[in-house]
Amino acid sequence: MKLKKDFYTRTDVVQVAQDLLGKYLYTNHDGLLTGGMIVETEAYSGTNDKACHAHMNRRTRRTEIMYHEGGVAYVYLVYGMYNLFNIITNVEGSADAVLVRAIEPTEGIEEMLLRRNMVTPKPNLTAGPGVMSIALGIDRSHYGAPLTGDTIWIEDKGIALSAEGIAVGPRIGIDYAGEDALLPWRFWLKGNKWVSRKK
DNA sequence: CCACTGATTTCCT
DNA sequence: GGAAATCAGTGGA
């Protein structure tokens, strides 16, 4: 069943990032359904996290949506090239977000292959936040989209994960964040080949 | 296997 | 002007 708003408005973004593992992310564009199981996430904790775009209460046109109440999408362009998909969590004004870095594709694989210009499903179809967005057809038109709507949403299919099955480590690509780069806020499914990087 | 690099736009200094 | 929550390709060991 589709996750409701109260899943996203919880106040512990690190916990929400963990809970998103094993859930299913879907997009539906003009009847084209694509999606898969979330296997890798990272937590970004609002204004006190040096790696977060909203660090020090920064407000720009890009970051404005981060202050919204949980349950909407934050999509932004990185390296001038890739649209990264984030889930806004917590209450209004908190600016917490979860970056979804990888899914294991299950739905609409043919369509995802077309979008990625690939012939055979391989991990680089959806393993990594940039390529995952391409495969799912996510771009900045989804900025602020409610995850309780019917364009982009997340479902709980009752997959139960044990604590031993979840790996924890520092976040990727944020070395500029000083000591906050060491925080163990990246979560992935141990041994899953659709995770963007090993170890 | 690893290190390095180009692509390209948004935002900050 | 420079760096950025990335990726694919190249070339060398």
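Of the 21 residues around DNA strand C, those that come nearest are His53, Tyr82, Asn86, Arg116 and Tyr176, where a residue is near a molecule or strand if one of its heavy atoms lies within 4 Å of it. This is a predicted model, in which local features need pLDDT of at least 70 and side-chain atom pairs count only at pLDDT 80 or more, while totals for chains, interfaces and linings use all residues. Residues are numbered from 1 along each chain as its sequence is written, chains are lettered from A and ligands numbered from 1 in the order in which they are written, and side-chain values use heavy atoms, with hydrogens and water left out.

**DNA strand C**

- The residues of the surface near DNA strand C divide into 13 nonpolar, 6 polar and 2 charged, where Ala, Val, Leu, Ile, Met, Phe, Trp, Tyr, Cys and Pro count as nonpolar, Asp, Glu, Lys and Arg as charged, and the others, Gly among them, as polar.
- At least two residues of this surface come from each of strand E3 (73-78), strand E4 (82-89), strand E5 (96-107) and helix H4, with helices (H or I, at least four residues) and strands (E, at least two) being DSSP runs numbered from the N terminus.
- Among the atoms of DNA strand C within 4 Å of the protein, 59% belong to sugar or phosphate and the rest to bases.
- For Gly128, a polar backbone atom is 3.3 Å from a phosphate oxygen of DNA strand C.

**DNA strand B**

- Arg58, Thr60, Arg62, Leu77, Tyr79, Gly80, Met81 and Arg140 surround DNA strand B, and they divide into 3 nonpolar, 2 polar and 3 charged.
- Of the atoms of DNA strand B within 4 Å of the protein, sugar or phosphate accounts for 67%, and the rest belong to bases.
- Phosphate oxygens of DNA strand B lie 3.2 Å from a polar backbone atom of Arg62 and 3.4 Å from a polar side-chain atom of Arg140, whereas a backbone N or O atom of Gly80 lies 3.4 Å from a base oxygen.

**Annotated segment**

- An unreviewed UniProt entry lists residues 65-85 as "transmembrane region", and such annotations may be inferred rather than shown by experiment.
- In the model, the chain over residues 65-85 is 0% helix and 48% strand, with the end C-alpha atoms 13 Å apart.

Methods
A polar contact is a pair of N or O atoms within 3.5 Å; within protein, one must be able to donate a hydrogen and the other to accept it, and residues adjacent in sequence count only if both atoms are side-chain atoms.
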